[in-house]
Structure formats: C-alpha cells, structure tokens
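Trainee: I'm new to this one. Can we go through some side-chain contacts together?
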Amino acid sequence: MCGIVAYTGKREAYPLILKGLKRLEYRGYDSAGIALVNQGIQVYKKMGKVAVLEDSLLGISLSSQTGIGHTRWATHGEPSDRNAHPHRSSNGKLAMVHNGIIENYALLKQELSNKGYQFDSDTDTEVLLKFIEDIHIHHAGSLEEAVRIALRRVVGAYVIIIVDEDDPETLIAARKGSPLVIGIGKGEHFLASDASPIIEYTKEVVYINDYEVAIVKPDELILKNLGNERITPFITQLDMELAAIEKGGFDHFMLKEIFEQPVSVYDCLRGRLDAQLGTIRMGGVDPHLDKLTNANRIIIIACGTSWHAGLVAEYVLEELCRIPVEVEYASEFRYRNPVIREGDVIIAISQSGETADTLVAIDMAKKQKAFIFGVVNVVGSSISRQSDAGAYTHAGPEIGVASTKAFTAQLVVLMMIALKVGYAKKSIDKVRFLHLINELNEVPEKINFILQSAENIQALAEKYKDARDFLYLGRGYNFPIALEGALKLKEISYIHAEGYPAAEMKHGPIALVDESLPVVFVATKDAYHEKIMSNAQEIKARKGKVLAVISEGDVEFISIADDVMVVPVADELIAPLLSVVPLQLLAYYIGLAKGLDVDKPRNLAKSVTVE
Ligand code: F6R
C-alpha cells in the first residue's frame, strides 16, 4: 500500500523516480507525486496514476539530483491533488512521503492546531511532517533528531522519507511496519518500498528494520535506532533479474503471470522434489520437521488469496498428516484472544511478506511462544524475517495486483510440507507418498496443457461478461478454489461473485438462481463426483447457466453443462493446482472484455501494509 521511491546521487532524479513509481504502482494508484531538491524544493503531484503526473510535467525543466516520489493508496483523505504526497512543512523547507497509517494523528493534529498550525490536506502524513517540523524548530538541533523524537510519540505504521532544502543532498528515512529497501551504488543511494525500482542500478541492498532511521547522502548511509545508537547496515545481494519485473511481450502482468505458472511451479519444485529418487528436501523445513510432526495443532494465518491457499492446505494437511488444522483470517486472529497452546505451530502464508494484519498476527502468536513457520514469496520481506523457519515459494516477482502464480506456488509448498510430514509421521504409506510426488511433478506440464485452451476461455468470457452476478461452487479440495475463482472475478471485472461449498447452495444461495445467473462449478473428478453433478442438475432445473471446470474425458458433466473448461486428470489432492488456472484466465478475459485495467483494479493495492 503506497509505493515510495527516493534518490540521492549524481543522476537526474526525476526520470529515475518516475520509472520507479511505475514499477511500484501495483501498491496503489490513487495519486502520484514527486519532490525535487534544486535551490529549494519543488513539489509536483496529481490525482490518478503515475502517467497522469508524467503528462502534467511534460515540457517542464526538472533537473535535480535528489528527490522523493510516492504513489498513493488512499487511507486518510480522499484521492485528490491536495491529499497526494509529497506533503510540505509549514515553512516549505521540508517535504515528506509516507506509507502507512499514523493512528494517533488526530491527537497530534489537535496539539499542532492549538499552536497555530494550518493544514492543507486531510492526511495523517501532513500531521506527522508538521509534528516533526515543530520539534525541529523548537526542540531539536538536527532534523534527524527531530525525526527520532517525533517517531517515539507516533502510534501506527510508517515508512517516511524527508528532504530538507537546507541539506539538499540528504534523505532522512525511517521505518516501522511498512517496508523500505536501500540500494547502494557508487556515490549514490536508491530508496524504495521494494527492490523493483532499484534492481536496474545495483544488487547491493540493505533492508531497513522497524524503529531504524537512515540518514542517506550520496556517499554515506548511516543507520541509527530511535535512541540515536549507530547500527551497522547489513548488506545483502538481490537475487532478481530485471526481466522478471517487465511484461515480456504480454499485454498485462496478470496474463504474463498466469502463463508463467508452468515455470513458477517448476521453480518451486526444483531442487526440492526429486521424482526419480522419490524424495522431497526443503532446506527451511527439514531442520524443523519435528516441530510439525509433533504439532498438536496447526493454525494457518493469512489474508485474501493466501487464505484460500491456507484452506486447501487445511484439507491436505488433515488428510495426509492427521493433525488438526485451523485456518484464520489474520485480521480476525489478531483482534480476538485465540487459544494458542504449547505444541501449536503457526503457518503464516503471504505473497508479499508485508501484509500488516499477518505481520501483527505473527507478532501476537510469537508473544505466546508459538513456533512461526512462514510461507512467503518475497525474499527478505518482513514476514520472512519474523518467522522462526519457513519456505520461500520462489514464484518470482508478482506485479499484477490479483495474485495468480504466487497462489499456485503457495499450494505447491504447502503440499510438499504435508507430504513430508505425513510420510515422516507414517500417516501415509510409501506408495501414496510416491504417487503424490509424481503427481506434483507433473503439474507444470499439466498447467501448460490448460494454457493452450486460453482462446476458448476468452470466448467464454465474451459470452458471460455481461452477467451481473456469478456463483462459484466446489466441493472438498475444490471448495477453496470456488472461493478463489469468485475473488479473482470480483477483483478484476467488478462483477459480484460468490464462492460457496456446492452442497451448501441449497441452504440459501439457490434462491439467486434464474436464467441470468452463471454458476461456475469447480468439478474435477474426485471421490464424490456424482454429488457435485447432482448439484449442477439442481441449477439446470432452475434454468441457471452451468459453466464447469471438469477433468478431461468427463462426458457426463459435458452433457449437463452449458460450457466447460477442461483440465488434465489428476489426483483429487493435486486438482486445485490445475482447476484454479482456467478461473484465473476467465477473470482476466472478462476484465479485459469489459475494458478494465486488469493489472490495477480500482480501490485495490498489492502488499496491504495498512490494517
Ligand atoms: C487477491 C490478492 C489478495 C492477497 C492478500 C494477501 O488476488 O492478491 O487477496 O492475497 O492481500 O496478500 P499477501 O499474500 O501478500 O499477504
């Protein structure tokens, strides 16, 4: 939520920051703005996407070697020019960008108003900047000291970066709860919410931790804690290529990422699952396997699509490992008083590794001495660093706001863990273990097969794009896929869609069924296939349209359905990895047919770093 880029060095800051903001636009696109330091500070900001800001600046001379930029996902204050970042201090000497939420901003605003401060926006950011300004003028010698004093009083989450016209080459940055990476170049530094704006210039980065303040000059990076003690920056090497964050010939990141799944699933299996030897080795799991095999209970915490991966994992872990599993929305878990006992293991699932609710839920569970196991995509992210152990999903950067390849990679990691634990516990025998290893190994090829039917799915999208509502139904391992299919459609096409367990339909949602309602059945072959066929008959009997994801060769379902999307036959445990792919494509093509911006759906942002 909100993307931040900043630069200080010898290059022209504006084009570099603008390009960085475009890479970070997935984090929010309500407004964009830039502050450049050159004989004073010039601030340019506009409501809308980064391209709107860019257009507004055509023909203007913008020379500067130090600057900050921001792309916003609105929290406090509607999307507008005046609420766009950067914000300026009252005396105009400072400008600041912020990602996060200042929870006690109302109190601080009141204090500042009593002192005569005026506000030009409705944002918490402007309040924080003026609070820092006030401390700087009246109490602190240096700006960095003012920042430290101010942040000790702030409740909430933030990354801030400030420029000061009196110290034109210096950036002051600080973090708590939201992400910040600093790229180290020769005589230059790059700051950003993630590594994508930096990768082109340097692979040496420092991930800033909570309660750290960075004083960044072209030739120097000083890190301190809020108590003014120096911290040695820990430099890591980025393991990411520029090509991975570009569209590579596809019209949208979402389509590229859907089509990358044969490779991303393969990358996730690579070096871990050996079908010939019949083994699964996971560097982050093996040393802690006993924690999982001895677990009394596994609690999975996640949000959104990652929560759906958790639901599939619940079914798979209980089936293969015979350990009770609970799946919790991180946002609910953190605000109730959950019972966490010794022997409970928490699995936290997150693509970005920065989701605020998941992070806080982890923190809470850690305080109750739970063992935290992270399943995360972004290397070096906050959740990966907060976890006691974990496994990366290795799906590569996911830029499309709707999660696709990260979801399938999460499923693969969770299935491998379940297989390892089940086999170690002897709750599955060798024959089943080897069978499922082989099935997992075949997934990349099977996804390739599904992708070849993209054109057919596009035709279905044209046919159904004008529906007002959709119902998605599934049973067993495919029930979470019905939820995920409905979520994808909602996000990308703005069509109302509900996911439901197929059998539960008759307890309520069946009232919605008429000839205008497409009902998508996720109905690959499993032990109870005839049950879901009966549910489809019940929809047909009420004149609903039946659209189904089915296994290859399922002629019976073809005879019931109005339209089908076919996936290769697979073990029912593995089927979710396949049945989700046509639903991703369906959502993508419906969004496309409706002329929507599928990579940047309205109101959404990737990496939800606010509560
Ligand atoms: C949906 C989607 C979101 C995320 C959710 C959690 O397509 O992407 O629902 O799954 O915001 O994000 P992570 O996995 O980064 O914690």
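Trainee: Is R175 buried or exposed?
Mentor: R175 has a relative accessible area of 4%, so R175 is buried (under 20% is buried, over 50% exposed, partly exposed in between, with a 1.4 Å probe and protein chains only). This is a predicted model, where local features need pLDDT of at least 70, side-chain atom pairs count only at pLDDT 80 or more, and totals for chains, interfaces and linings use all residues. Residues are numbered from 1 along each chain as its sequence is written, and side-chain values use heavy atoms, leaving out hydrogens and water.
Trainee: Which residue does R175 meet in a salt bridge?
Mentor: D210, at 2.8 Å from N to O. A salt bridge here is a side-chain nitrogen of Lys or Arg within 4 Å of a carboxyl oxygen of Asp or Glu. D210 counts as partly exposed, at 32%.
Trainee: How many salt bridges are there by that rule?
Mentor: The count is 35. One of them joins K115 and D134, at 2.6 Å from N to O. K115 is exposed at 52%, whereas D134 is buried at 3%.
Trainee: And K224, what's its partner?
Mentor: E144, with the closest N and O atoms 2.9 Å apart. Both K224 and E144 are buried.
Trainee: Switching to rings: how many aromatic pairs?
Mentor: Nine. Rings of Phe, Tyr and Trp (its six-membered ring) pair if their centres lie within 6.5 Å; planes under 30 degrees apart are stacked, over 60 edge-to-face, the rest tilted.
Trainee: Why do F190 and Y201 count as stacked?
Mentor: Their planes are at 5°, with the centres 4.9 Å apart, so the pair is stacked. Ring pairs also link Y7, F190 and Y201 into a cluster.
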